[in-house]
Amino acid sequence: MIETGAEYIMELTDKTRADVKGGTLISYDGQVRLLEVAQVPKEHIDEFKNIRKFTNFNTNNLWINLKAVKRLIESSNLEMEIIPNQKTITRDGHEINVLQLETACGAAIRHFDSAHGVVVPRSRFLPVKTCSDLLLVKSDLFRLEHGSLKLDPSRFGPNPLIKLGSHFKKVSGFNARIPHIPKIVELDHLTITGNVFLGKDVTLRGTVIIVCSDGHKIDIPNGSILENVVVTGNLQILEH
C-alpha cells in the first residue's frame, strides 16, 4: 500500500469449482468494481461461474487505509449498492421465502484512490460459510500455529471437496450427526446426504459417498475406516 499509494487492496485467489459463486473484480465506467453473483442476471449466471472467464474471486481479505475511510464517511461519499438476495428461512416448521438486503464490504473498492486487487495463494483463503467448511477446518487436516491454521505437511494435493446434505445445514444438526470429527488427511472427496451419523475415530480416505434413503438411518460405527466406498440405503451397526 505504501509503494502504490493504494487506499484499498483486495486479496483475490484462483477460482475453483467450489468457488464459482465468489464475487470478482471488473472494470465498469473506468472504475474497478466488485461484481457479486446476486447482481448477475439469471441468463448470465453460467457465464459468471465460468472459471476460465473469471479466473479469480474475492477472498474478503481487505487492506484499507483507515484515514481514507474517515475522509469518505465524513464527506458522505461512502455509498454502497444494496444487493437483493432471495433466501428461505424456517419458522414454526414452515419455510418462508424472504428478500434479504445486503451490502458488500468489497463493493466499497470503487470509492478509494488507487484501489486494486492482489492475487494471493489459496493458503490465505480458508472460509467457513457452511458446515461442510466447518468440517474441513475442524479436522486433522489443519493445525493451529501462532493463531493461524496451517495445513498438515503430510497432506498431498489440494483440500478435499466436502459436500454435506440438508441434514447438516445447521450447526445443531452437524454437531448431532458428527460429534467427533473424522480423520481426513488422505480424503479427496466426501459426500453425505440423509440421516447419517458418524462415530468416534472414523477415518475417511479417497472418495467416500454416503447416501441414506428417506425414512432410514445410517450409523458409521466407532473406529471405521472408509476408503473409496459408496454406502447407500439403511445401515445400523450395534456394537457388542
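**Close-ups of rings and cores**

**View 1. V196 and its neighbours.** Leaving aside residues up to four places away in sequence, V196 touches F168, R177, I210, C212 and I218. Keep in mind that this is a predicted model.

**View 2. The largest nonpolar core.** V196 turns up again here, in a core of 25 residues. Along with L164, L190, I192, L204 and I210, V196 has the most contacts inside this core. Which elements give two or more residues to it? They are α3, β10 (161-164), β11 (187-193), β12 (196-198), β13 (203-212), β14 (218-220) and β15 (225-233). Strand β13 supplies the largest share, 4 residues.

**View 3. A second core.** Now look at a separate nonpolar core, made of 15 residues. Among them are M10, L12, L72 and I109.

View 4. The structure holds 3 aromatic pairs, and here's one of them. The ring centres of F48 and F54 are 5.7 Å apart and the planes sit at 40°, so the pair counts as tilted. Both of these residues are buried.

**View 5. F57 meets F125.** This pair is edge-to-face, because the ring planes are at 80°, with the centres 5.0 Å apart. F57 and F125 are both buried. F57 belongs to strand β4 (residues 56-64), while F125 is in the loop between β7 (116-119) and α3 (131-138), so the pair ties together parts that are 68 residues apart in sequence.

**View 6. A charge over a ring.** What sits over the ring of F197? It's the charged end of K217, 4.8 Å from the ring's centre.

Note on methods
Residues numbered from 1 in each chain as written. Predicted model: local features only at pLDDT ≥ 70, side-chain atom pairs only at ≥ 80, totals over all residues. Heavy atoms only, no water. Phe/Tyr/Trp six-rings, centres within 6.5 Å; stacked < 30°, edge-to-face > 60°. Buried < 20%, exposed > 50% of the residue type's maximum accessible area, 1.4 Å probe, protein only. Lys NZ or Arg CZ within 6 Å of the ring centre and 35° of its normal. Core = buried A, V, L, I, M, F, W, Y, C linked by side-chain atoms within 4.5 Å. Contact = heavy atoms within 4.5 Å.
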